[in-house]
Amino acid sequence: NSSAVKATSFGFDNFFADIFWFKAISYFGKHYSGDNNYKWLLHMCNLITDLQPQALHVYEFCGLMLSWEIKDSKAAIGIFDKSIKHNPDYWRNYYLAGMTYALFDKDELKTKEYFVNGSKVEGAPEFMKRMAAKKLANLDDPRNALVFLKDMIASSKDPVQRKSLEEHYLKTLNEIKIKKLQALLLAYEEKYAKKPDEISLLEGLLKDDLVDPWGGKYYINKENYEIETTSKKKRILLFNKEEENVNNEVNNTKEKIDESIIN
């Protein structure tokens, strides 16, 4: 643990933090291109930031990957809160935590709280103050995530992190396109009182509406009349609430079973 490492670091905390940071990046990259099992990432992040509390790049990397790649928004918020504790005058901490609450927890009150606190930090950009003052847009709208991810990709320095965020950016674009096509499908059914035989029959299509972000084609699955794509990419649970609710029920059931076994 970090206490044991600090006790044996003989004052070279930054040196050991840099070594562990290199190991954490290598660990993430290995599992990102492999089994996607990041069991020790949070532990490694806490170890590094215990040794080097001002390592802003570590907090940002860990928080983003914990939320987007591992789908653990609670752990991500914990990392961002830790960064705020040690670096209270860095506005970006509040922005990252607020957007995590907005995108993953759909919690408008907590989102506003972080934006308000962040807007008070000296040097905070004007957009933080505007976001703190205005009524937030629909938190289920994937376009909110698109703007956020674009910003995160632009500032990302690690190639594996950037690749992960870029993939989520494309998946978010996919959700936006699917939502539009599903709306057009519903409009067709309401207008003609029947389901279309082909997706090309939908009215209001633009030139690139039928091409997904990976170059595949959208089509109507005739078994359930849902919009799908030939790219067969897994959709983001963030915007697929029904599937997310099912997974939550499964996880809650599993936790209850585990508790009954332990007790």
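Buried denotes a relative accessible area under 20%, exposed one over 50%, and partly exposed the range in between, with a 1.4 Å probe and protein chains only. By this criterion Ile84 is buried, at 14% relative accessibility. Of the 263 residues of the protein, 42% count as buried.

The model is predicted: local features require pLDDT of at least 70, side-chain atom pairs count only at pLDDT 80 or more, and totals for chains, interfaces and linings use all residues. Residues are numbered from 1 along each chain as its sequence is written, and side-chain values rest on heavy atoms, with hydrogens and water left out.

Confidence is given as pLDDT, the predictor's score for each residue, from 0 to 100. The protein averages 85. A score of at least 70 is reached by 85% of the residues. Helix α5 (residues 73-86) has the highest confidence, at 97. Helix α11 (residues 241-262) has the lowest, at a mean of 41. Over residues 242-263, pLDDT stays under 50. For that stretch the model has four contacts beyond four places in sequence, a contact being heavy atoms within 4.5 Å. Where pLDDT is low, the predicted coordinates should not be read in detail.

The protein contains 11 helices and two strands. These elements are DSSP runs numbered from the N terminus, helices being H or I of at least four residues and strands E of at least two. From the N terminus, the order is α-α-α-α-α-α-α-α-α-α-β-β-α. Among contacts with a separation of 6 or more, 58% involve residues 24 or more positions apart.

One disulfide is found in a search of the whole structure. The term covers a pair of cysteine sulfur atoms within 2.5 Å. Cys45 is joined to Cys62, with an S to S distance of 2.0 Å. The pair links distant parts of the chain, 17 residues apart. Cys45 belongs to helix α3 (residues 41-51) and Cys62 to helix α4 (residues 56-69). The link is left-handed, with -90 degrees about the S-S bond. Both cysteines, Cys45 and Cys62, are buried.

Gln52 lies in the loop between α3 and α4. Gln52 is buried, with a relative accessible area of 16%. Residues up to four places away in sequence aside, Gln52 touches Asn14, Ala17 and Asp18.

Ile84 sits in helix α5. Neighbours within four places in sequence set aside, Ile84 is in contact with Asn93, Tyr94 and Tyr114. The C-alpha atoms of Ile84 and Ala97 are 9.3 Å apart, and the two residues are separated by 13 residues along the chain.

Helix α6 (residues 91-105) packs with helix α9 (residues 142-155) at an angle of about 145 degrees. Their axes are 11 Å apart. Axes are lines fitted to C-alpha atoms, for helices over the stretch in contact, and angles run from 0 to 180 degrees between N-to-C directions. The crossing of α6 past α9 is left-handed. That label applies if the near helix is turned anticlockwise from the far one by less than a right angle, and right-handed applies if clockwise. On the α6 side the contact is made by Arg92, Tyr95, Leu96, Met99 and Leu103. On the α9 side it is made by Asn144, Ala145, Phe148, Asp151, Met152 and Ser155. These residues divide into seven nonpolar, two polar and two charged. Nonpolar here covers Ala, Val, Leu, Ile, Met, Phe, Trp, Tyr, Cys and Pro; Asp, Glu, Lys and Arg count as charged, and the others, Gly among them, as polar.

Glu175 lies in helix α10 (residues 159-192). Glu175 is buried, with a relative accessible area of 0%. Apart from neighbours within four places in sequence, Glu175 contacts Arg235, Ile236 and Phe239.

Positive phi values occur at two loop positions. Ala193 has phi near 55 degrees, a positive value in a residue other than glycine. Ala193 is placed in the loop between α10 and β1 (218-221). At 72% relative accessibility, Ala193 is exposed. Lys232, also not glycine, likewise has a positive phi, near 55 degrees. Lys232 is in the loop between β2 (226-229) and α11. The relative accessible area of Lys232 is 58%, and the residue is exposed.
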